[in-house]
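Let's take a walk through this protein together. Have a look at the sequence and the fold first, and then we'll go through some of the details.

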Amino acid sequence: MKRPTRALVAAVALGSLTAVTGCSGEGEPMTFDGPGATAAAPGGSAAPVPSKGPSKGTGGTVPRTLMPTGPKAEFTTANTLPDGTRIGVTTLHGAKSGFTGKVWVWAPQQYFDPKYAKSGFPVLIALPGGNGYPNNYWMGTDLKLQSSISEWSKEGKSLPFVVVMPVLNPDDKYYYDGSDIPGQPRMGTWMTEDVPDFVRANFRTFTSRDGWAFMGSSSGGFVGLKSVLKHPDKFKAVIASGPDTVPDSPLWAGHEKERRANDPERLAALLGSRPDSEDRRVYLAFQVGSRESGVPALRTFVRKYTKGPVKSRLQVIPDGGHNARTYVRGMGDGSIQWISEHLQAPVPGP
């Protein structure tokens with residue numbers, strides 16, 4: 001499936017940057033400390049956690065909450081939503097990958113509600129299409145990802161995710177397929193090790209994979225899909241919108257063994273051949289616009305690889321194109337609810 005042209009990616013990214021420009025508090029220090037933290041806490045009362053969301057994780061027990069482990073990152077405000085919640089940004093020095101890049105984060109109103117002060121929250125790692133460098137376009141407010149999740153959580157369609165938005169690639173010249181390509185920056189380790197470690201250092205999370213998911217568009221959809229299939233012990237679900245389903249970076253040349261180890265089709269076949277059990281099930285929510293050329297390819301992937309512990313859902317979005325706004329619409333029409341039903345909701349205290 002074709003990834004978006006640089007012109008299209010630039011237009012989407014420009015829109016996001018325009019939305020950030022002039023936002024209240026832009027560049028000011030902020031914190032995601034727990035309930036009562038004035039620098040990040042939104043105004044007004046918190047919205048309820050959806051009653052339809054799951055209350056138990058793998059094995060029928062609520063996963064244990066992991067309180068922030070530290071060290072605490074230094075965030076500045078990148079954007080502010082109408083409900084007062086903020087998108088923060090920091091620079092992460094990846095201890096395991098050796099890569100340094102920006103990460104944007106948003107926490108919903110519920111995260112600051114005292115009744116959830118002792119509860120973990122589910123994490124959604126949101127990846128952009130295109131090169132995803134130097135910015136992740138989900139950090140803007142024009143695409144309405146965060147505000148939509150806020151509304152969907154009030155409607156019972158979505159869990160109140162902490163949304164984490166790392167840079168996707170180390171430069172704007174190549175796609176690195178979210179992988180450790182020999183001789184290149186270790187973007188697979190960055191995405192599946194360093195970014196989750198950073199989240200655990202700064203936020204209340206769950207120790208179980210029931211609290212971890214990806215979502216992504218196009219090239220970001222590929223990375224999210226591949227990451228879940230390669231690490232089903234760490235991540236449980238993905239919303240993959242208009243994704244490629246095979247690794248196609250030119251940097252794989254001469255590294256066929258490593259390329260195959262990062263091929264979603266091969267990974268899905270291997271996982272699908274294993275006995276079905278709750279502790280290894282993954283949930284692949286595919287989305288594609290009806291006007292995209294990749295509809296047949298995704299139908300084939302779903303038909304061929306939905307076996308054993310590999311569960312999938314395909315949503316063809318009416319009159320939809322290969323763009324982020326189409327995919328947010330599709331999330332609201334069913335994809336976000338489907339993965340939410342298989343992930344862990346925050347648990348209020350007594």
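This is a predicted model: local features need pLDDT of at least 70, side-chain atom pairs count only at pLDDT 80 or more; totals for chains, interfaces and linings use all residues.

K144 sits in the loop between β6 and α2. Its phi is near 65°, a positive value in a residue that isn't glycine. At 48% relative accessibility, K144 counts as partly exposed.

A cis peptide bond joins Y133 and P134, with omega at about 5°. And then there's G129, again in the loop between β6 (123-127) and α2 (145-155). Is G129 buried or exposed? With 2% relative accessibility, G129 counts as buried. G129 and H322 are 193 residues apart in sequence, yet their C-alpha atoms are 9.7 Å apart in space.

The mean pLDDT of the protein is 89, and 85% of its residues reach 70 or more.

Two stretches call for some care. Over residues 1-23, pLDDT stays under 50, and the model has 52 contacts beyond four places in sequence for them.

## The big picture

What does the secondary structure of the protein come to? There are eight helices and twelve strands. The protein has 350 residues, and 58% of them count as buried. The accessible surface comes to about 13500 Å², with 53% of that belonging to carbon and sulfur atoms.

Now for who touches whom. Take the contacts between residues at least 6 apart in sequence: 76% of these join residues at least 24 apart.

## The sheet

Ten strands form an open sheet with mixed pairing, and the order is β1-β3-β4-β5-β7-β6-β9-β10-β11-β12. Which strands stand at the edges? They are β1 and β12, each with a single partner strand, so one side of each is left without a neighbour in the sheet. For β12, the strand alongside is β11: the two run parallel and are joined by eight bridges. In one of these pairings, G289 has I317 in β12 as its bridge partner.

## Two enclosed strands

Let's zoom in on β7 (residues 162-166). Five of its five residues are buried, so β7 is largely enclosed by the rest of the structure. In a regular strand, side chains alternate between the two faces of the sheet. Here both faces are covered: V162, V164 and P166 are buried on one side, and V163 and M165 on the other. Strand β5 (residues 100-106) runs antiparallel to β7, with four bridges joining them, while β6 runs parallel to β7 and is joined to it by three bridges. V163 pairs with both of these strands: it is the bridge partner of W106 and also of L124.

Strand β9 (residues 212-217) runs parallel to β10, and five bridges join the two. Across that pairing, F214 stands opposite V238.

## A helix with a buried side

Helix α7 (residues 295-305) has these buried residues: V295, L298, F301, V302 and Y305. They cover an arc of only 130° around the axis, which puts them on the same side of α7. The face turned away from that buried side carries the exposed residues P296 and R303.

What covers the buried residues of α7? The cover includes α4 (219-230), α6 (264-272), β11 (282-289) and β12 (310-317).

T31 is found in the loop between β1 (29-30) and β2 (65-66). At 18% relative accessibility, T31 counts as buried. Its side chain reaches the backbone nitrogen of D33 at 3.0 Å. Further along, the peptide bond from G70 to P71 is cis, with omega near 0°, and P71 belongs to the loop between β2 and β3 (75-80).

Finally, D319 lies in the loop between β12 and α8 (324-340). D319 has a positive phi of about 55° although it is not a glycine. With a relative accessible area of 56%, D319 is exposed.

Methods. Residues are numbered from 1 along each chain as its sequence is written. Side-chain values use heavy atoms; hydrogens and water are left out. pLDDT is the predictor's confidence in each residue, from 0 to 100. Contact means heavy atoms within 4.5 Å. Buried means under 20% relative accessible area, exposed over 50%, partly exposed in between (1.4 Å probe, protein chains only). Accessible areas come from the Shrake-Rupley method with a 1.4 Å probe; for residues, only the protein chains shown count as cover. The arc is that of the directions from the helix axis to the C-beta atoms. A polar contact is a pair of N or O atoms within 3.5 Å; within protein, one must be able to donate a hydrogen and the other to accept it, and residues adjacent in sequence count only if both atoms are side-chain atoms. Two strands pair if DSSP finds at least two bridges between them.
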